[in-house]
Amino acid sequence: MEEIDGGVWSIPVPIPGSPLRYVLSYAIATPLGPIVVDPGWPGEAGWASLSAGLELAGWSVTDVQGVLLTHSHTDHQGLALRVREATGCWVGMHELDARVLAGYADGSRVHDCNATWIPQCGVPSGAETTAILMDADAMMAACGVIPDRLIDDGESIRVGGRSITAIWTPGHTPGHLCFALEDEGLLLGGDHLLPRISSHVGGYLIDESDPLGDFLSSLGKIVARVAPADVEILPGHEYRFRGIEERAGIVRDHHIDRLREAFAAVAEVTASTAWDVASRVSWARGWEETKGGLRRLALSETVAHLRWLAVRGLLVQTGRNPTVWSVRSNDLTGIEARIRAEVERSRGTAIR
Ligand SMILES: [Zn+2]
């Protein structure tokens, strides 16, 4: 727990059993009471940490005026419903992530993932599929909040004379928002850009979306917006940091490496599914040790890279059952330069 200049408190809220250990919830002081950004993972331990943090800062949970959500992931939004029930405050988020939550709450999104997306990725049926199925009951229980306010790109949220600007940064999720406190030189960055680990980029549509393209555009957008003023980033995990331009460059290089690797894995054989490619590229803990939900995330990240290459004509994508990826030519000469040039272009492109 830490008081940051500018009337902002950072409150770590535990995520049980996660290597990330905690999500950073932020309380922004206003004369009426605090605005809480990302209240954290649901459950008693999280609730106790959030309540104790607010009390240390001089409030009680019932003082909360509103909850802003950077995105729909459970570690960020899971406690929003409980905070609203305790206070009657509003909950605000971007419409695209509100739709994601609604899809988990009615079971349709879990069904799409398990019944359509997993086979489309070419996951072998049987034990391999069973091991990565999404748990409908768990998602339904964690995603029950329906926002009271839909927050648009560029919208200014005003509470008690305080102004918070929302910046739409899709990629980690389709409706991810960062929140800028412009007068204070602070950016609440959610999971868009973390200081040490690269945030997950994925999504469950193979045919229409381009999450990595969106992510790279968002990265360019946020750097252009905050780098000149050397804004301090208050991320959703790890620790606060400055130097967004340098950090964004490292993350961009990481994706260029992964794109090159995914391309090379496809070029090795005639045609590959996303599953084939995921099992051939490198993972922090190795593919065999990447299990369960982590393996599903790895697969989704692989799809994001394959899809990025296909949208830009570097790979050919065919079929739906499963979707198969191939190269136009298995000549690897110059591929890294082509990828780099396209990444540079993504960086300056407006988000679709
Ligand atoms: Zn997170």
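This is a predicted model: local features need pLDDT of at least 70, side-chain atom pairs count only at pLDDT 80 or more; totals for chains, interfaces and linings use all residues.
## About the model

Local features need pLDDT of at least 70 and side-chain atom pairs count only at pLDDT 80 or more, while totals for chains, interfaces and linings use all residues. Residues are numbered from 1 along each chain as its sequence is written, and side-chain values use heavy atoms, with hydrogens and water left out.

## The zinc site

Let's start at the metal. The zinc ion is coordinated at 2.0 to 2.4 Å by D75 (OD), H76 (NE2), D191 (OD) and H237 (NE2). Donors here are N, O and S atoms within 2.8 Å of the metal (3.2 Å for Na, K and Ca), and since water is not among the atoms, sites may look incomplete. Along the sequence, the donor residues follow the spacing D-H-x114-D-x45-H. D75 belongs to helix 2 (residues 74-77) and D191 to the loop between strand 11 (186-190) and helix 8 (211-226), so this pair ties together parts 116 residues apart in sequence. Helices (H or I, at least four residues) and strands (E, at least two) are DSSP runs, numbered from the N terminus.

The angles among the 4 donor atoms run from 86 to 160 degrees, and the site is irregular. Four donors count as tetrahedral if all angles lie between 85 and 135 degrees; four count as square planar and six as octahedral if opposite donors are over 155 degrees apart and all others between 65 and 115; anything else is irregular. Both D75 and D191 are buried, where buried means under 20% relative accessible area, exposed over 50%, and partly exposed in between (1.4 Å probe, protein chains only).

## Helix packing

Helix 1 (residues 44-56) packs on helix 3 (residues 80-87) at an angle of about 55 degrees, their axes being 11 Å apart. Axes are lines fitted to C-alpha atoms, for helices over the stretch in contact, with angles from 0 to 180 degrees between N-to-C directions. E44, W47 and L50 of helix 1 meet R82, V83 and A86 of helix 3, contact meaning heavy atoms within 4.5 Å.

Helix 4 (residues 95-105) has D97, A98, V100, L101, G103 and Y104 buried. These buried residues pack against helix 2, strand 6 (90-93), helix 5 (108-120), helix 7 (136-142) and strand 7 (149-150). After helix 4 comes G107, with a positive phi near 85 degrees.

## Backbone details

R21 has a positive phi near 70 degrees; it sits in the loop between strand 2 (8-14) and strand 3 (22-28) and is exposed at 57% relative accessibility. E238 has a positive phi of about 65 degrees and lies in the loop between strand 12 (232-235) and helix 9 (244-267), but E238 is buried at 12%.

There is also a cis peptide bond from N321 to P322, with omega near 0 degrees. P322 is in the loop between strand 13 (315-318) and strand 14 (324-327).

## Two buried residues in helices

L212, in helix 8, is buried with a relative accessible area of 0%. Not counting residues up to four places away in sequence, L212 touches V201, H255, L259, A304, H305 and W308. Its C-alpha atom is 9.5 Å from that of L306, 94 residues apart along the chain.

E342, in helix 12 (residues 335-348), is buried at 18%. Leaving aside neighbours within four places in sequence, E342 is in contact with W308 and R312.
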